[in-house]
Amino acid sequence: QVQLVESGGGLVQPGGSLTLSCAASGSIRSINAMGWYRQTPGKERELVASISSGGSTNYADSVKGRFTISRDNPKNAIYLQMNSLKPEDTAVYYCNALLIPTYSLSTRSYWGQGTQVTVSS
């Protein structure tokens, strides 16, 4: 089994900062890309930021310059530093990992349970 556990969500005022964390654990052979997605009611889940095993990053235009994704490979963890938060950043944030479990030879996608981020005064 593979688990992704997120933490760090909460309520923050506009202009504030939050850091999300996600750690993958379990029967993992190797991890390729990891990323953060977010979803609001009635909308599709959208990519916020991703990072490859080599450290290459990709950001949604709406968060460029405000959010920073980083990765700790030995810990199988990623982080999302969110600065200058706006009300429109309010969403459930999900961690995703593209990884090969020990019981497979193919890459599979795994999701965390999600963490709520609310930006409001």
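Me: Where is Val63 found?
Reply: The structure is a predicted model in which residues are numbered from 1 along each chain as its sequence is written, local features need pLDDT of at least 70, side-chain atom pairs count only at pLDDT 80 or more, and totals for chains, interfaces and linings use all residues. Side-chain values use heavy atoms, with hydrogens and water left out. Strands here are DSSP runs of E with at least two residues, and helices are runs of H or I with at least four, numbered from the N terminus. Val63 is found in the loop between strand S6 (57-59) and S7.

Me: Is Val63 buried or exposed?
Reply: Buried stands for under 20% relative accessible area, exposed for over 50%, and partly exposed for values in between, with a 1.4 Å probe and protein chains only. The relative accessible area of Val63 is 0%, so this residue is buried.

Me: Which residues does Val63 touch, not counting residues up to four places away in sequence?
Reply: Contact requires heavy atoms within 4.5 Å. By that rule, and leaving out residues up to four places away in sequence, Val63 touches Arg38 and Val48.

Me: Why does Arg38 count as buried?
Reply: Arg38 has its place in strand S4. The residue counts as buried because its relative accessibility is 6%.

Me: With which side chain does the side chain of Arg38 make a polar contact of 3.0 Å?
Reply: A polar contact is a pair of N or O atoms within 3.5 Å; within protein, one must be able to donate a hydrogen and the other to accept it, and residues adjacent in sequence count only if both atoms are side-chain atoms. The contact of 3.0 Å links the side chain of Arg38 to that of Tyr93.

Me: Which members of the largest nonpolar core touch the most other members?
Reply: A nonpolar core is a set of buried Ala, Val, Leu, Ile, Met, Phe, Trp, Tyr and Cys residues joined through side-chain atoms within 4.5 Å. The largest one has 31 residues, and those that touch the most other members are Trp36, Leu80, Met82 and Tyr93.

Me: Which strand gives the most to this core?
Reply: Several strands each supply at least two residues of the core, including strand S1 (2-7), strand S4 (28-39) and strand S9 (91-101). The greatest share, five residues, comes from S9.

Me: What is the bridge partner of Tyr93 in S11?
Reply: Two strands pair if DSSP finds at least two bridges between them. S9 and S11 run antiparallel and are joined by three bridges. Tyr93 touches, among others, Leu20, Trp36 and Thr115, not counting residues up to four places away in sequence. Its bridge partner in S11 is Thr115.

Me: Which side chains of S11 point to one face and are buried?
Reply: The side chains alternate along S11.

Me: Which residue in S11 does Leu11 stand opposite?
Reply: Strand S2 (residues 10-12) runs parallel to S11, and three bridges join them. The residue opposite Leu11 is Thr118.

Me: Why is the pair of Tyr37 and Trp111 described as it is?
Reply: Rings of Phe, Tyr and Trp (its six-membered ring) pair if their centres lie within 6.5 Å; planes under 30 degrees apart count as stacked, over 60 as edge-to-face and the rest as tilted. One aromatic pair is found in a search of the whole structure. The ring centres of Tyr37 and Trp111 are 5.0 Å apart and their planes stand at 70°, so the pair is edge-to-face.

Me: At what distance from the ring centre does Arg45 lie over the face of Trp111?
Reply: A charge sits over a ring if NZ of Lys or CZ of Arg is within 6 Å of the ring centre and within 35 degrees of the ring normal. Arg45 lies over the face of Tyr94, at 3.7 Å from the ring centre. Arg45 also lies over the face of Trp111, where the distance is 4.6 Å.

Me: How many residues lie between S9 and S10 in their hairpin?
Reply: S9 and S10 pair in the antiparallel sense over four bridges, and Leu98 stands opposite Ser109 in S10. The number of residues between the two strands of the hairpin is six.
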